[in-house]
Amino acid sequence: MGTAAPVVILATMLVVVDLAATATATAGADDATIRLPASSSVGGDSNGGNNAPWDCCDFVVRDPSFRPARWQCNDVKGECSADCHGCEESLAGDGYVCRDWVASVQEPPVCTPRPWDCCDFAVCTRAYIPTCWCADKVESCSGHCKDCEALSDSKPHRYRCLDRFVGYPGPKCTPWSSKDDDN
């Protein structure tokens, strides 16, 4: 009964050494790179430091369960970029969609410019990809705004862009900290 403990220990050590040897034998020279979640779906750094396989995206999707934010672009293109790992044909058959997810704190830039540069009071539908308009009263409308309304009841004279935009409203004009009252 006294010799059973050393035999069990020796057998356990042999199993561990065997597993370690098998793992070392299967790992090649290419497997030396440690993959982090943020770099698992990236294809390169060819687009200005952005690790996404796209330069811009109009129909972006955010994964709500992933922190930091994880983004996927659902734009239909004629072909996927060389950096895309998950290229699929679109459901309509009119092009291809890159299904790669990219972890980033910031939302990817849009391809189609918004009708406003920034917006504090955005009104959006609750659709999966919202349609928004900006209710800000501004000194002058952005150059991208096609339907600029002059507000007659405001002094000094102000304007409001009535264009609708399919996608998120974009950055705020006034930083959150400056909206606080001076106490």
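Is R99 buried, exposed or partly exposed? R99 has a relative accessible area of 29% and is therefore partly exposed, where buried means under 20% relative accessible area, exposed over 50%, and partly exposed in between (1.4 Å probe, protein chains only).

The model is predicted: local features need pLDDT of at least 70, side-chain atom pairs count only at pLDDT 80 or more, and totals for chains, interfaces and linings use all residues. Residues are numbered from 1 along each chain as its sequence is written, and side-chain values use heavy atoms, with hydrogens and water left out.

Strands of a sheet pair through backbone hydrogen bonds, either parallel or antiparallel. Here strands are DSSP runs (E, at least two residues), numbered from the N terminus, and two of them pair if DSSP finds at least two bridges between them. Strand 2 (residues 70–73) joins strand 5 through 3 bridges in the antiparallel sense, and Q72 has W101 in strand 5 as its bridge partner.

Strand 6 pairs with strand 7 (residues 131–134) over 3 antiparallel bridges, and the bridge partner of A122 in strand 7 is C134.

Side chains of opposite charge can pair when their charged atoms come close. With a salt bridge defined as a side-chain nitrogen of Lys or Arg within 4 Å of a carboxyl oxygen of Asp or Glu, the count comes to 3. R70 and D63 meet at 2.8 Å, N to O; R70 is partly exposed at 24% relative accessibility, whereas D63 is buried at 11%.

R99 returns here, in a salt bridge with E88 at 3.4 Å, N to O. R99 lies in the loop between strand 4 (96–98) and strand 5, and E88 in strand 3 (residues 87–89), so the pair ties together parts 11 residues apart in sequence. E88 is partly exposed, at 42% relative accessibility.

E139 forms a salt bridge with R158, their closest N and O atoms being 4.0 Å apart. E139 is exposed, with a relative accessible area of 62%, while R158 is partly exposed at 23%.

Note on methods. Helices (H or I, at least four residues) and strands (E, at least two) are DSSP runs, numbered from the N terminus.
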